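Trainee: I have the model open and would like to go through some of its packing. Can we start with the helices and then move to the rings?

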Amino acid sequence: MNQTRKLVIENKKINELILNQGSWLEPNIDDAPIISSRVRLARNLDDYHFPGWASENQSHAIWKQSCDIFNLLDSKYYNWKMSELSDTDRDVLFERHLISQDLSNNKSDCGVFVSPDESLSIMINEEDHIRIQSLHAGLNLKQAWNEADNIDTRLEENIKYAFSKSLGYLTSCPSNVGTGLRASVMLHLPGLVLLEEMDSVVNGMSKIGLAVRGMWGEGTEAVSNMFQVSNQITLGKNESEIITHLEQIILELKDHELNARKRLMSEKALIIEDHVARSFGILSNAHIISSSESLNLLSTLRLGLDLNLVNGFSKQDLDKLFISTQPAHLQKFQGEELDPNERDVLRAEMLRNFLKDAKLKIK
């Protein structure tokens, strides 16, 4: 198969991907502040240097071995090699939470395997040789863990991991040594932000071994009041303990957010209603809107939907807009490269169409 033919096939797969919603936006999942759960496992092969120190030949051998193994598995996976994708296609995978920013920027022998429903993605030659990710809607850490553990077991039947009897799984970053497990939950926390209580929440989380990051994970800002809360400790605890602890904290954080929303409607109802009405007005009428502005306004609209201040659309469809209005997705939908101004115009048109039948319930 020549290179041109393969690129056409890979792009067709990307086009198929964006027509469907990821499993983490399943219908009938309505857990207010909780958006999705993710479990990620970091693994390395025993006979190779870690990716940061591996030679080109070693990186190539790891990619080839990974392809051979996945061809043996029963499940079907999309697979993409980063060097064979355009910048836009790599950004699509990142915007859909299927790869990291680091992998998106890497064009060597690295890539990703993705299940058709996007619940599983396995990155190859990122910071570690293998990173297994399971992503699900709502608070479903145990389900995510079971799926990641299952694919991990199947892979381990075919390859030998770098493992220490005293330390556990060996990883490029010392903070991942042990179980190699990072569990995280994405939450929408506008109530705590508006009451200016997020700083104390972040400080409290760090004291109990948890980290709070932005919507797209490590190194990203917390735009649109979306936060990812994850464990920081992987050594000295087993997987079940890590997941159970995080789950308990998330349920407490959910209660704090719901309480914050009640206080806002009790003490600052007019301000909240005005906030929602202004966001609705801009999104319904804007003809040019940036990605960052739209995310923040959609966040307010999501709060308005939870507080029964607006109707005419589902939360699921609203959540999909957080992804579909991102730059790479807009360009894939349009079928061509767009400059920033063209994207801002197309984004505004998409948002106006989405809200054309929506109504404010504020008197």
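Trainee: How many of the 10 residues of helix H11 are buried?

Mentor: 7 of the 10 residues of H11 (residues 315-324) are buried, so the helix is largely enclosed by the rest of the structure. Buried means under 20% relative accessible area, exposed over 50%, and partly exposed in between, with a 1.4 Å probe and protein chains only. Helices (H or I, at least four residues) and strands (E, at least two) are DSSP runs numbered from the N terminus.

Mentor: Two notes on the source. This is a predicted model, where local features need pLDDT of at least 70 and side-chain atom pairs count only at pLDDT 80 or more, while totals for chains, interfaces and linings use all residues. Residues are numbered from 1 along each chain as its sequence is written, and side-chain values use heavy atoms, with hydrogens and water left out.

Trainee: Which residues of H11 are the buried ones?

Mentor: Lys-315, Leu-318, Asp-319, Leu-321, Phe-322, Ile-323 and Ser-324.

Trainee: And what covers them?

Mentor: The cover includes strands E1 (34-43) and E10 (226-231), together with helices H3 (87-95), H10 (291-306), H12 (327-334) and H13 (340-354).

Trainee: Staying with H10, at what angle does H9 pack on it?

Mentor: H9 (residues 269-285) and H10 pack at about 130 degrees, with their axes 9 Å apart. Axes are lines fitted to C-alpha atoms, for helices over the stretch in contact, and angles run from 0 to 180 degrees between N-to-C directions. That makes H9 oblique to H10; under 35 degrees counts as roughly parallel, over 145 as roughly antiparallel, 65 to 115 as roughly perpendicular and the rest as oblique.

Trainee: Which residues make that contact?

Mentor: From H9, His-275, Val-276, Ser-279, Phe-280, Ile-282 and Leu-283; from H10, Glu-293, Leu-297, Leu-298, Thr-300, Leu-301 and Gly-304. Contact means heavy atoms within 4.5 Å. By class, there are 7 nonpolar, 4 polar and 1 charged residues. Ala, Val, Leu, Ile, Met, Phe, Trp, Tyr, Cys and Pro count as nonpolar, Asp, Glu, Lys and Arg as charged, and the others, Gly among them, as polar.

Trainee: How do H8 and H9 cross?

Mentor: The axes of H8 (residues 239-267) and H9 come within 5 Å and cross at roughly 105 degrees. That makes H8 roughly perpendicular to H9. Leu-264, Met-265 and Glu-267 of H8 meet Ala-269, Ile-272 and Glu-273 of H9, a set with 4 nonpolar, no polar and 2 charged residues.

Trainee: Rings next. How many aromatic pairs are there?

Mentor: A search of the whole structure finds 7. Rings of Phe, Tyr and Trp (its six-membered ring) pair if their centres lie within 6.5 Å; planes under 30 degrees apart count as stacked, over 60 as edge-to-face and the rest as tilted. Phe-70 and Tyr-77 have ring centres 5.2 Å apart and planes at 80 degrees, so that pair is edge-to-face. Both Phe-70 and Tyr-77 are buried.

Trainee: What about Phe-313 and Phe-354?

Mentor: Their ring centres are 5.3 Å apart and the planes are at 50 degrees, so the pair is tilted. Phe-313 lies in the loop between strand E11 (310-311) and H11, and Phe-354 in H13, so the pair ties together parts that are 41 residues apart in sequence.
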